[in-house]
Amino acid sequence: MSAYSVSRRGLLGAGAGIAAASLLGLRPAAAQQKDIRVFWWGSQERADRTNRAVDAYKKANAGIDAKTEFAGWSDYWPRLATRVAGRNAPDLLQMDYRYMFEYARRGAIVPLDQYLGNALKIEDFGKANLESCSVDGKLYGINLGVNSSCAVFDPAAWEAAGVAPLAFGNSWDEFVSKCAAFAKGNKRKKFYATMDASGHEPGFELWLVQNGRALYGEDGKLAFDEKDAGNWFKLWAELRKSGGCVPPDVQALDKSTLDTSTLTLGYAATAFPHSNQFVGLQQLNKAKLDITAFPVTAGGKPGQYLKPSQMWSIASDSKNPEIAVKLANFTVAEAAGAKILGVERGVPASSGMRELLGPDLDEVSKKVVDYIGKLGPYTAKLPPSPPKGAGEVAFVLERVSQEVAFGVSPEEGGKKFVTEAASILKRG
Amino acid sequence: MNDAAHAAPPGDTPERPILHSVLIHSALIGVSFLMLYPLLWMVSGSVRPADDMFGGQTSLIPSQVTLQAYKTGWFGLQVSFGTFFLNSLAISVLATIGNVMAASVTAFAFSRLEFFGKSFWFALMLGTLMLPYHVTLIPQYVLFLKMDWVNTWLPLVVPKYFAVDAFFIFLMVQFFRGLPRELDEAAMMDGCSAWRIYWKIVLPLSLPVLATAAIFSFIWTWEDFFGPLIYLGDIHSYTVQIGLRSLIDSSGTSDWGALFAMSVLSLIPIFLIFLFFQRLLIEGIATTGMKR
Amino acid sequence: MVSFTAGDAVARRPAKPGRLSRFFFAGNGAGYMFLAPWLIGFLGLTLGPALASLYLSFTDYDLLQSPRFVGMDNYVRMATGDAKFAAAMKVTFIYVILSVPLKLIFALALAMAFNRGIKGLPFYRAVFYLPSLLGGSVAIAVLWRQLFAADGLVNSVLSVFGIDGPSWISNPNYSLYTLVVLSVWQFGSPMIIFLAGLRQIPQDMYEAANMDGASKARQFFRITLPLLTPVIFFNFVIQTIDAFKAFTPSFIISAGTGGPINSTLFYTLYLYQEAFGFFRMGYASALAWVLVLIIAVFTAFSFLTARYWVHYDE
């Protein structure tokens with residue numbers, strides 16, 4: 001950058017830079033040999049726990065210094081991307097299942113296989129779990145919590161409507177008729193049995209798998225066709241028609257955040273978040289919530305799968321990857337560290353740590369742990385890695401689902417979605 | 001129009017009937033309520049329990065009042081909000097001084113002096129207003145990184161001393177151009193330097209616009225979150241806005257009560273700044289007694 | 001830029017030969033001395049990153065790997081096959097056309113009202129500025145939902161009249177207008193600038209007009225409005241640039257989605273999605289420079305027309 005030399009001379013020449021720096025009393029400390037930086041997204045509680053775990057690690061390992069940073073989800077990604085682009089990435093960073101593929105394939109995070117068994121002692125996570133943290137056969141993430149899609153509902157509201165709520169093993173048909181019955185029995189104004197999940201990518205994906213399809217194939221292309229997508233939209237169009245799910249403009253309030261969930265906003269008695277969000281959802285809802293699995297296809301295959309709620313990954317720029325790995329290992333595989341983190345990030349992947357934490361769980365967290373435990377028969381094997389552009393496809397699904405909800409026919413919606421999704425994947 | 005506020009103490013001039021003023025005030029109060037409704041809701045949100053925040057009620061009155069959120073908000077992060085307030089205050093004051101000084105100097109050049117290439121530079125200056133910052137963010141980050149400024153306040157403060165925000169330059173240019181030319185000419189006859197004209201004539205006559213610029217630069221620096229978000233890494237150097245945003249994690253648990261509580265508190269300093277400078281803005285001209 | 005250099009008394013004065021100070025004052029020296037801070041900032045801090053983004057607009061740059069030069073590809077794509085680009089353009093133009101005049105009229109009317117003697121004036125002024133203090137606060141999203149969601153305040157009021165309103169904020173037919181309302185609601189900055197402009201009008205002009213028996217309306221059109229034109233011009237140009245670049249309202253209220261159905265997809269929000277959501281900083285940079293071009297054309301046009309309606313004291 002040519003501007004650099006000019007400005008530096010200009011500023012320092014005028015003494016402004018130096019003066020201001022000392023005035024502000026803030027100079028970055030020169031990086032030391034055993035310094036690492038840790039960055040994650042999450043709440044204050046997560047920050048508290050993680051900082052305590054990092055401090056505990058520092059205490060046990062003299063000479064190592066770890067600086068921590070955190071941000072909310074939506075601030076985290078631009079901040080991380082800027083740092084990676086500036087070749088100033090934090091050593092140890094929290095990774096999301098979807099973003100893992102983007103970061104790994106672009107070489108921003110490193111494979112961890114070489115550490116397995118030495119710095120990283122996570123064999124007891126199990127093969128399936130390690131696979132869920134892998135991209136193209138290489139391990140890129142250290143699981144911080146086991147997660148799955150789920151249905152969360154307000155049992156009292158269902159009871160008030162005189163209908164039994166969704167339960168493990170219910171079929172989609174049962175779900176549809178239950179919602180219609182809810183609409184008949186319900187007395188609250190502007191209140192419906194369920195959110196409209198037609199634009200909800202995890203829901204669509206598991207429904208496809210239940211029907212013998214998939215979102216993406218091994219070749220990275222779409223593994224469903226216009227008709228499949230059309231049928232999915234049709235399923236929800238029916239619910240909309242019967243008054244079983246919220247109307248389109250209410251659903252559009254939902255920005256896939258907990259505070260905008262139609263459940264939290266008091267429009268719906270059922271929502272479909274991820275299981276690790278149950279605790280947060282409960283905090284915002286007065287009603288006592290319960291958690292269960294998605295509906296299944298009658299006689300069909302299981303469709304849900306277990307994936308990491310978040311992982312630790314190591315930046316390619318890290319000068320001390322081994323220290324970062326050891327710190328990560330401390331938080332997930334060593335009793336002292338895992339105990340501090342608790343189940344705040346989700347159910348621990350290590351069976352040993354799960355047992356260790358079991359007795360300390362509060363009632364709400366226990367529901368989540370039980371849910372994951374009971375999910376076994378409903379889980380399928382991990383789908384193929386999503387290709388580049390998958391994030392954008394999820395965006396398109398939401399938009400097309402809204403177009404259908406606001407008037408386009410389901411068939412046309414199916415066509416539109418498949419065409420647009422295919423062209424995005426082609427562009428990559 | 002002739003009874004502009006600086007002249008007489010504002011108030012009901014004798015010829016204005018009571019009814020008239022009752023009408024004006026009820027209209028103003030009505031509109032004020034509309035203006036304030038969301039803010040009132042914010043205050044009410046700050047004293048609600050979390051599970052009473054979003055459940056579809058539009059009532060301003062919380063079902064239960066608790067001040068808990070002010071406590072958890074203030075002390076909830078590792079560093080108390082007091083630190084964030086001090087940081088924001090320091091950055092905003094430094095930025096405001098820089099902005100007003102640098103912008104007024106530049107605006108003086110553009111509005112009262114002649115030099116080669118003026119139109120060219122002026123057009124470029126306006127051009128800097130047009131580029132969305134999202135695409136310069138990364139090159140700028142790299143620049144500041146090389147200068148070793150990342151994780152300090154310098155990227156947030158120093159550029160203001162070099163008038164990088166063209167808004168303020170353009171604003172002052174428009175006002176400086178409105179000042180009578182004869183003043184410069186007279187001063188020139190007396191052999192005044194350009195600096196003296198700037199300092200002794202233009203600035204004193206421009207108190208309203210200087211106050212305006214000070215208001216905006218303080219408030220906008222206070223509210224800025226993208227800069228601090230990118231450049232500040234250490235929580236001890238966070239500003240209020242970053243502190244506020246740290247309370248919310250849209251993917252998981254958030255402390256909404258604390259967000260509202262701290263948002264309410266974060267308005268107080270800028271509101272006071274506004275009150276202080278608006279007096280300058282309104283009374284400034286009266287004290288200079290400008291006549292033509 | 002156009003219309004700018006005219007009529008500087010200082011420049012027209014011929015420099016007396018042999019007087020160095022006079023030479024500097026009339027010539028370039030003083031101008032560049034005063035311009036120096038800005039010039040250093042511009043060349044040192046602003047220009048480099050701007051040129052870098054211009055270069056990036058000709059590359060495929062995903063943030064995580066080094067940029068790859070692709071020539072005009074990004075611009076070609078924009079011109080030929082990007083439906084979202086068209087949608088974003090439409091949303092942005094509607095927003096500019098609606099929000100700028102409404103906000104300015106509102107701001108001017110209230111600045112006029114506040115420039116008169118009403119009891120409790122500072123109080124009202126402060127109250128009316130308060131919404132602008134909220135800026136881009138995260139809380140705005142929640143507050144706006146309280147007003148414009150299905151069961152928000154607006155619909156509660158409408159239901160008194162037996163009207164069952166839609167969920168304004170999340171209905172693609174209305175959502176953009178709730179953002180226009182938000183923009184108008186935050187009219188504080190142009191109001192303050194108008195107020196400052198009004199304060200700068202010399203009072204003796206009104207006194208003279210009063211003595212001549214000019215009506216209030218005549219005074220407004222003959223004195224207030226003409227003398228306020230530099231400020232009106234400023235507010236107009238700035239507000240339009242800001243509206244073209246609007247980002248935060250939709251970023252906060254649609255949580256960055258620009259939804260429902262792209263109805264609030266501001267141009268800069270689209271650009272942001274491309275850059276940070278979909279890892280296409282190259283394309284985003286190209287989008288940005290097209291926006292610069294649009295705004296520049298508009299601004300140049302404004303400056304051209306300014307000769308005919310903006311009155312400076314010269």
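What percentage of the 292 residues of chain B count as buried? The figure is 55%. Buried here means that 20 or more other C-beta atoms, placed from the backbone, lie within 10 Å of the residue's own.

Before going on, the ground rules. This is a predicted model, where local features need pLDDT of at least 70, side-chain atom pairs count only at pLDDT 80 or more, and totals for chains, interfaces and linings use all residues. Residues are numbered from 1 along each chain as its sequence is written, while chains are lettered from A and ligands numbered from 1 in the order in which they are written.

Confidence next. For the complex, the predictor gives an ipTM of 0.87 and a pTM of 0.88. Chain C has a mean pLDDT of 86, that is, the predictor's confidence in each residue, from 0 to 100. In chain C, 89% of residues reach 70 or more. Residues 1-18 of chain C are another matter: there the pLDDT is below 50. That stretch still has 32 contacts in the model beyond near neighbours in sequence. A contact means two residues whose C-beta atoms, placed from the backbone, lie within 7 Å.

Back to chain B. Chain B has 13 helices and zero strands. These are DSSP runs, numbered from the N terminus: helices are H or I with at least four residues, strands are E with at least two. The C-alpha trace of chain B spans about 70 × 65 × 30 Å along its principal axes. Now take contacts in chain B between residues at least 6 apart in sequence: 74% of them join residues at least 24 apart.

Domains of chain B. The assignment gives domain 1 as 18-66 and domain 2 as 73-288. Such bounds come from an automatic or database domain assignment. The C-alpha centres of the two domains of chain B lie 31 Å apart. Their contact takes seven residues from domain 1 and six from domain 2. On the domain 1 side, four residues are nonpolar, two polar and one charged. Nonpolar covers Ala, Val, Leu, Ile, Met, Phe, Trp, Tyr, Cys and Pro; charged covers Asp, Glu, Lys and Arg; polar covers the others, Gly among them.

Last, chain C against chain A. Here 31 residues of chain C are in contact with 32 residues of chain A. On the chain C side, helix H3 (28-56) and helix H14 (267-277) each supply at least two residues. H3(C) gives the most, with seven residues. That side of chain C divides into 17 nonpolar, eleven polar and three charged residues.

Methods. Buried ≥ 20, exposed ≤ 12 C-beta atoms within 10 Å, placed from the backbone.
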